[in-house]
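Subject: Handover of a structure, with notes on what was found

Dear colleague,

I am passing on the structure below so that you can look at it before reading my notes. Please keep it open beside this message while you read.

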Amino acid sequence: MQAPDDRLTSEECRNRINRSLAQLYDRLVLAFVQDGPAELAALAAAWAQQRLDDAQRGLHTLRGLAGAVGASALADETGRQEQALRTGQTHAVDLAVLQGLMARSVAGLKELTGAEVAAGRAPDA
């Protein structure tokens, strides 16, 4: 009697990796949906108190979070504002624009990833 062949094909490996990446992306989106607005609120607080170094770090963090989930408009605008603040152009920081982009990004990501993320849990978690 011959033992069953337990070797994986390259297609099976790719499928497993793709599923794992999809699950990772869903977890990143969930974290962004839950934490992104709080990061923006912390940025707004730093800005209101004129803690410019903290505001710059907040912009940098928000840019990275948005970029990781594909919220390109938010990532791009946050990056522009971060660079402007870095060069002393404080007038270029516009939190209202960021808040609008955040709201659209969160809504779009919830729609894209489905009911699980909208309900606050990662799919297949």
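Helices here are DSSP runs of H or I with at least four residues, strands are runs of E with at least two, and both are numbered from the N terminus. In these terms the protein has five helices and zero strands, and, read along the sequence, its pattern is α-α-α-α-α. Please bear in mind that this is a predicted model, in which local features need pLDDT of at least 70 and side-chain atom pairs count only at pLDDT 80 or more, while totals for chains, interfaces and linings use all residues. Residues are numbered from 1 along each chain as its sequence is written, and side-chain values use heavy atoms, with hydrogens and water left out.

On burial, a residue counts as buried under 20% relative accessible area, as exposed over 50%, and as partly exposed in between, with a 1.4 Å probe and protein chains only. Of the 125 residues of the protein, 30% count as buried.

Helix packing

Two packed helices are described by the angle between their axes and the distance between the axes. The axes are lines fitted to C-alpha atoms, for helices over the stretch in contact, and the angles run from 0 to 180 degrees between N-to-C directions. Helix α2 (residues 52–69) packs against helix α3 (residues 72–86) at an angle of about 155°, with the axes 8 Å apart. Angles under 35 degrees count as roughly parallel, over 145 as roughly antiparallel, 65 to 115 as roughly perpendicular and the rest as oblique, and α2 and α3 are therefore roughly antiparallel to each other. For α3 and helix α4 (residues 95–113), the axes come within 9 Å and cross at roughly 160°, so that α3 and α4 are likewise roughly antiparallel to each other.

Salt bridges

Side chains of opposite charge can pair when their charged atoms come close. A salt bridge is taken here as a side-chain nitrogen of Lys or Arg within 4 Å of a carboxyl oxygen of Asp or Glu, and by this rule the count comes to five. Asp54 pairs with Arg51, with the closest N and O atoms 2.7 Å apart; Asp54 is partly exposed at 30% relative accessibility, and Arg51 is partly exposed at 34%. Asp54 also forms a salt bridge with Arg57, where the closest N and O atoms are 2.4 Å apart, and these two residues both lie in helix α2, three residues apart, about one turn of the helix.

What links helix α2 to helix α3 among these pairs? The side chains of Arg63 and Glu82 meet in a salt bridge (2.9 Å, N to O). Arg63 lies in helix α2 and Glu82 in helix α3, so the pair ties together parts that are 19 residues apart in sequence. Arg63 counts as partly exposed, at 32% relative accessibility, whereas Glu82 counts as buried, at 2%. Elsewhere, salt bridges that share partners join Arg51, Asp54 and Arg57 into one network.

With regards
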